[in-house]
Amino acid sequence: MTAQEQFVFPDHLSMIQEFSLGNRPLVDLVREIQNIYCSDDRPWIIGFSGGKDSTCVLSLIYMALLQLPAEKRTKHVYVVSSDTLVETPVVVDMIKRVIKLINEAAPKEGLPISAYSVVPKTDQTFWVNLLGRGYPAPNQTFRWCTERMKIDPVSEFILDKVAKFGEAVVVLGSRSQESASRAQVIAKHKIDGSALSRHSSLPNAYTYMPIESWSADEVWMYLMSAPCPWGGSNQELLELYKGSNQGECPLVIDKSTPSCGNSRFGCWTCTVVTDDKALHGLIESGANWMKPLLAFRNKLYMSRQPENSEEYRNFRRRTGRVSYNSGDISDDSVREVRHIPGPYWLSKRQEFLRELLTIEKGINESGESIELITRPELHMIRREWLRDPNEPDWEDSLPRIYREVYGEDLDWVEDDAGAFTRADSETLERLAEKYGVPSALVRKMLEAELQVSGLGNRRGILNSLESILQRDWEDLDAINERNHSFRKRGKSYVEEVKDEFSEFLN
């Protein structure tokens, strides 16, 4: 607590004994928390996002357990925070400090509380999907990030406790006043006559929302009226919210949770919203070192816009086929057939990675400490590039890009290296042009052969080659012309091929 900070109450206990919030005395709410805690042996899992609501709930439960006799603190309370690995950097640092304080203070107080941070699996992170597989930056219609990066890691943590103890209670900072949709979700799963609700998707998991009826102002009154029970204050938290009328990004445990792209407690890479108010607000507050992050985020946003799809995205999907869609999800009057672009071109992913690493290096050299992309992610992205279904990275370019930025090498796995070199690629391009055969087609067929090279059993090679031949290998104009011709005749490409070879198939 600094000299400038003035609290209404000298400590947390005094506040609880004298304050009323949410139309009830805090003493009454703490007693409810204690009664529910002592009523069974189900462990509790507190969802902690670092925002005001989850901090408020964590404080309440910490104090409720602190006021229980030691012999009644019979079951464990797990505090779990979800780190997507692309969280706003200053928020990540703050959450790490709180988790450290909790893990230091709780054992000294004799409290059965431990705090953890969960992260997505390496093959499901933001950068592995976007840079590795070429997924386009998320938007409202293709928000692929939430489930992989937020829901799955937390759900896995909860299910692990359910498997161990049979059932678990998930304590959340959700409030009905956050939004009408959130209020409906809370009411839908409520158990009659109980403070608990059924979890919307996880079996044998229940939810408890102690501040469900509180307003945002009441949350702030609670947080700023007394020091934190584990030490320190919430002044830093308040500073993060200043200048922003947006909400926060709660711990996401189901798909009903809205996007948190406008929040200071979301991902700095979020492109679901048009303008990232989080980074803007932090930069305006003095964090000028984050300007390159905002510029990079804006570049990702622009790459997602339809008018830029030809520049940034392959016209083929990852299946190797060109796809079309009839109509518009947001406009029923649209009936035209439209081409659906595929993943980012490999060249664009290489460009993104180089820029990301350069930003990371520059920020660290300026005195900040940050890791924008983890080294295990780099290894996974390299694997994805080498095995890309459309543009296999024959030159194994990722180690070279890293070396050019950092002037050093990581411990690259040699077995992951591509089977071909730049010279091989150039030779193949010349031959492909000479004989009028797509070089990518020949590459994939050679790769299929190499995968079974030296094996006594070559089972499946013919199916692999047939699958490769069925992909769309021409350029987009030729494919569009061909498909238009088929539509005019009322037949699909597959039907035309079947008719042509019908005498051999019968």
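**Helix 13 and its surroundings**

In this predicted model, the buried residues of helix 13 pack against helix 5 (126-132), helix 11 (291-303), helix 12 (309-312), helix 14 and helix 15 (397-406). Those buried residues are Leu346, Lys348, Arg349, Gln350, Phe352, Leu353, Leu356, Leu357, Ile359, Glu360 and Ile363. An α-helix has 3.6 residues a turn, so residues three or four places apart point the same way.

Helix 13 itself comprises 20 residues, and the distance from its first C-alpha to its last is 29 Å, close to the 28 Å expected at 1.5 Å a residue. After helix 13 comes Gly367, which has a positive phi, near 115°.

The axes of helix 13 (residues 346-365) and helix 14 (residues 375-386) come within 12 Å and cross at roughly 165°. Angles over 145 degrees count as roughly antiparallel, and helix 13 and helix 14 are therefore roughly antiparallel to each other. The crossing of helix 13 past helix 14 is left-handed. On the side of helix 13, the contact involves Leu346, Arg349, Gln350, Leu353, Leu357 and Glu360, which meet Arg375, Leu378 and Trp385 in helix 14. Classified by residue type, this contact of helix 13 with helix 14 has 5 nonpolar, 1 polar and 3 charged residues.

Elsewhere in the chain, Asp40 is found in the loop between helix 2 (26-38) and strand 3 (44-47). With a relative accessible area of 23%, Asp40 is partly exposed. Asp40 and Thr74 are separated by 34 residues in sequence, and their C-alpha atoms are 9.6 Å apart in space.

Conventions. Residues numbered from 1 in each chain as written. Predicted model: local features only at pLDDT ≥ 70, side-chain atom pairs only at ≥ 80, totals over all residues. Heavy atoms only, no water. Axes fitted to C-alpha atoms, helices over the stretch in contact; angles between N-to-C directions. Helix = DSSP H or I, 4+ residues; strand = E, 2+ residues; numbered from the N terminus. Parallel < 35°, antiparallel > 145°, perpendicular 65-115°, else oblique. Left-handed = near helix turned anticlockwise from the far one by under 90°. Contact = heavy atoms within 4.5 Å. Nonpolar A, V, L, I, M, F, W, Y, C, P; charged D, E, K, R; others polar. Expected span 1.5 Å × (residues − 1). Buried < 20%, exposed > 50% of the residue type's maximum accessible area, 1.4 Å probe, protein only.
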